Amino acid sequence: MDNQKKTVEALREDVFAEAVELFEGDRKAALAWLNQPLRAIGHEVPSEYMNSPENIQKVKDVIGRLEHGVWT
């Protein structure tokens, strides 16, 4: 199923899974990260910001950059 056909809730679940992977399986750390303001998305809180496929993709992009060591 491509991203356009997934529901916002399913996309949010994907982000949580990616965040857990980013934090090497630490679900608590991933949840904490998703619930604090991030400068990369305008100081928004990811868990509150992910209300559209576009915003969800922005959070996924941040995770991808962090996975590859890109901090800006």
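1. His-43 is exposed, at a relative accessible area of 55%, which lies above the 50% cut-off for that class. The model is a predicted one, and in it His-43 sits in the loop between H2 and helix H3, the latter spanning residues 46–49. The phi angle of His-43 is near 65°, which is a positive value in a residue that is not glycine. Most residues other than glycine have a negative phi.

2. With a relative accessible area of 76%, Glu-24 is exposed.

3. Glu-44 has its place in the loop between H2 and H3, and with 39% relative accessibility it counts as partly exposed. Once its neighbours within four places in sequence are set aside, Glu-44 is in contact with Gln-36, Pro-37, Leu-38 and Tyr-49. Between Glu-44 and Leu-34 there are 10 residues of separation in sequence, and their C-alpha atoms are 10.0 Å apart in space.

4. Ala-40 lies in the loop between H2 and H3 and counts as partly exposed, its relative accessibility being 47%. Leaving out neighbours within four places in sequence, the contacts of Ala-40 are with Val-62 and Arg-65. The C-alpha atoms of Ala-40 and Glu-21 are separated by 19 Å, with the two residues 19 apart along the chain.

5. Which residues of H1 are buried? They are Leu-11, Val-15, Ala-19 and Val-20, and the buried residues of this helix pack against H2 and H4. As to its length, H1 has 15 residues and reaches 21 Å from its first C-alpha to its last, close to the 21 Å expected at 1.5 Å a residue.

6. The packing of H1 (residues 8–22) with H4 (residues 53–67) is at an angle of about 10°, and the two axes are 10 Å apart. Because angles under 35 degrees fall in that class, H1 is described as roughly parallel to H4. On the H1 side the contact is made by Val-8, Leu-11, Arg-12, Asp-14, Val-15, Glu-18, Ala-19, Glu-21 and Leu-22, while H4 contributes Pro-53, Ile-56, Val-59, Lys-60, Ile-63, Leu-66 and Glu-67. By residue class, this contact of H1 with H4 comprises 10 nonpolar, no polar and six charged residues. Among the H1 residues in this contact are Leu-11, Val-15 and Ala-19, which are also among the buried residues of H1.

7. How many aromatic pairs does the count come to? The count comes to one aromatic pair. It is formed by Phe-23 and Trp-33, whose ring centres are 6.2 Å apart and whose planes meet at 50°, so the pair is classed as tilted. Phe-23 lies in the loop between H1 and helix H2 (27–34), whereas Trp-33 lies in helix H2 itself, so the pair ties together parts that are 10 residues apart in sequence.

8. Are the two partners of that pair buried or exposed? Phe-23 is partly exposed, with a relative accessible area of 29%, whereas Trp-33, at 8% relative accessibility, counts as buried because that value is under the 20% cut-off.

Methods:
Residues numbered from 1 in each chain as written. Predicted model: local features only at pLDDT ≥ 70, side-chain atom pairs only at ≥ 80, totals over all residues. Heavy atoms only, no water. Axes fitted to C-alpha atoms, helices over the stretch in contact; angles between N-to-C directions. Helix = DSSP H or I, 4+ residues; strand = E, 2+ residues; numbered from the N terminus. Parallel < 35°, antiparallel > 145°, perpendicular 65-115°, else oblique. Contact = heavy atoms within 4.5 Å. Nonpolar A, V, L, I, M, F, W, Y, C, P; charged D, E, K, R; others polar. Phe/Tyr/Trp six-rings, centres within 6.5 Å; stacked < 30°, edge-to-face > 60°. Buried < 20%, exposed > 50% of the residue type's maximum accessible area, 1.4 Å probe, protein only. Expected span 1.5 Å × (residues − 1).
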